[in-house]
Amino acid sequence: MTINNNKNKAPHPDTLCIHAGKEKGAHHGALTSPLFQTSTFIFENAAQGAARFAGEEPGYIYTRLGNPTTRELEIKIAALEKMEDAAATATGMAAVSGALLSFLEAGDHLIASKAIYGCSFALLNHQLPKWGIEVTFIDMDNVEELNAALQPNTKMVFAETPVNPNLKVLDLAMIGKFSSDHGLISVIDNTFMSPLLQTPVDFGIDIVIHSATKYLNGHGDVIAGVIASSAEKIETIKLTILKDVGGTMSPHDAWLILRGLKTLSVRMERHCQSAQTVAEFLEGHPLVSKVYYPGLPSHQGYSFLGKQMRGAGGVIGFELDGTIDEGQAFIDATQLFSIAVSLGDAESLIQHPASMTHSPYTQEERLEAGISDGLIRISVGLENVSDIVADLKQAFDYILALRSDSVSTAVSWR
Ligand code: LCS
């Protein structure tokens, strides 16, 4: 006799990445869900069309409002984030703006962390004030700072953790508790972790957003975003900002992300393992003055490992002990790395936040947010880690050779 011990066991997140949201046996039994590449859906008759618009009958209407391929992705993300529902968006920025603008209006106040992705900062610092929404930026290191920023019209708290690009880790339990104590909506950008390494709902966070362009898709061929929250909040987001402003995800992009998600678990494991090795190599190198990676005991975020984060992720920031010109020469001297923004791809990427991803900040704002001019950010890819380390090593050797004058011309390897 076989005893089924698994009867009531919830599937592991690794399994959810592959199976959640899929209708087994549907669509002629296709193993891989088909792509519903359609803009609109045919009604059987006029009465059915009217009933669907009135919300009296379930069913698809028009892809800006919903699509079966996109829906499968939304169900999967909701399962992974342990939320009731999710909404797929055209870009990560559509997820950030959609989550904020669905609930904020003129006269409201938002508390945000100072260090966030450059375009999120631009949205908060340049766009929201135009629409009458006030924003206070704080370090968000402790509850006293949150209390000091609180105003009678405060409605929401927004943060990213770990922070892009200096990997600073914020305390989700503190943010969740402060928000619920004061009746505020908490929104966390979980892009750097993926739901496999961090589930903010465990700490009372209300809304989680991702740039799905990064780890969720993982293959550098899609720009997309997702928002996960309660069924009620997702309904509001879909029926207001997504419907009327229109930042909906294309079904083709949803299909690619569904494919990417099947390997999220093995990819994240490799990203974390390799990034740890690379971070340790960087920390031991005489040309590196500082390494920002939560997997290193020297990093501020290390104490959150195992408590808030199930891994340290695949992004590392570091500072070269040298001039800005040397920093640029170092970036140019890498060969395996691609000089590119974005992160979470199979390919290792290298970029300079001050002049690239975080250029919407003024220099003063950047320094205030803990993002130095000399910071270099790498996204550790899925190549063999010995090749990644060897590439960084030869680029450091090039800088040393420049200093000893044995190399006098600019790098010409590319
Ligand atoms: N949130 C975070 C934490 C991000 O890093 C990004 C993009 C976004 C939101 C926006 O997502 P998107 O609209 O691009 O899908 N971060 C980028 C980066 O670090 N390099 O290039 C883009």
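Strand β6 (residues 207–211) and strand β7 (residues 225–229) run antiparallel and are joined by four bridges. Within this pair, His210 of the predicted model stands opposite Val226 in β7. Strands of a sheet pair through backbone hydrogen bonds, either parallel or antiparallel.

**The seven-stranded sheet**

The β6 and β7 strands belong to an open sheet of seven strands, whose order is β1-β7-β6-β5-β4-β2-β3 and whose pairing is mixed. At its edges stand β1 (85–89) and β3 (134–138), each of which pairs on one side only. From one strand to the next, the twist averages 20°. Helix α5 (residues 118–127) lies across β2 (109–113), β3 and β4 (154–160). The direction of α5 makes an angle of about 130° with β3.

**The five-stranded sheet**

A further open sheet holds five strands in the order β8-β9-β12-β11-β10, again with mixed pairing. Its edge strands are β8 (288–292) and β10 (338–339); each has a single partner strand, so one side of each is left without a neighbour in the sheet. Strand β9 (residues 315–320) pairs with strand β12 (residues 375–379) in the antiparallel sense, over five bridges. In this pairing, the bridge partner of Val315 is Ser379 in β12.

Two helices lie across strands of this sheet. Helix α11 (residues 264–283) lies across β8, β9 and β12, and runs at about 10° to β9. Helix α12 (residues 324–333) lies across β9, β10, β11 (349–351) and β12, with an angle of about 135° to β9.

**The ligand site**

The ligand is surrounded by 17 residues, and the closest are Asp189, Thr213, Lys214, Ser342 and Arg377. By class, the residues of this shell divide into five nonpolar, eight polar and four charged.

| Residue | Protein atom | Ligand atom | Distance |
|---|---|---|---|
| Met93 | backbone N or O | oxygen | 2.9 Å |
| Asp189 | polar side-chain atom | nitrogen | 2.5 Å |
| Lys214 | polar side-chain atom | nitrogen | 2.9 Å |

Taken alone, the ligand exposes 480 Å², and the protein buries 93% of that area.

**Backbone geometry**

Most residues other than glycine have a negative phi, and most peptide bonds are trans. Pro162 is found in the loop between β4 and α7 (172–181). Another cis peptide bond joins Asn164 and Pro165, where omega is about 15°. Pro165 also has its place in the loop between β4 and α7.

The remaining case concerns phi. His27, a residue other than glycine, has a positive phi near 55°. His27 is found in the loop between α1 (13–19) and α2 (46–53).

How values were computed
Residues numbered from 1 in each chain as written. Predicted model: local features only at pLDDT ≥ 70, side-chain atom pairs only at ≥ 80, totals over all residues. Heavy atoms only, no water. Pairing = 2+ DSSP bridges. Contact = heavy atoms within 4.5 Å. Axes fitted to C-alpha atoms, helices over the stretch in contact; angles between N-to-C directions. Near = heavy atom within 4 Å. Polar contact = N/O pair within 3.5 Å; in protein donor to acceptor, adjacent residues only side chain to side chain. Areas by Shrake-Rupley, 256 points an atom, 1.4 Å probe, with all protein chains shown as cover. Nonpolar A, V, L, I, M, F, W, Y, C, P; charged D, E, K, R; others polar.
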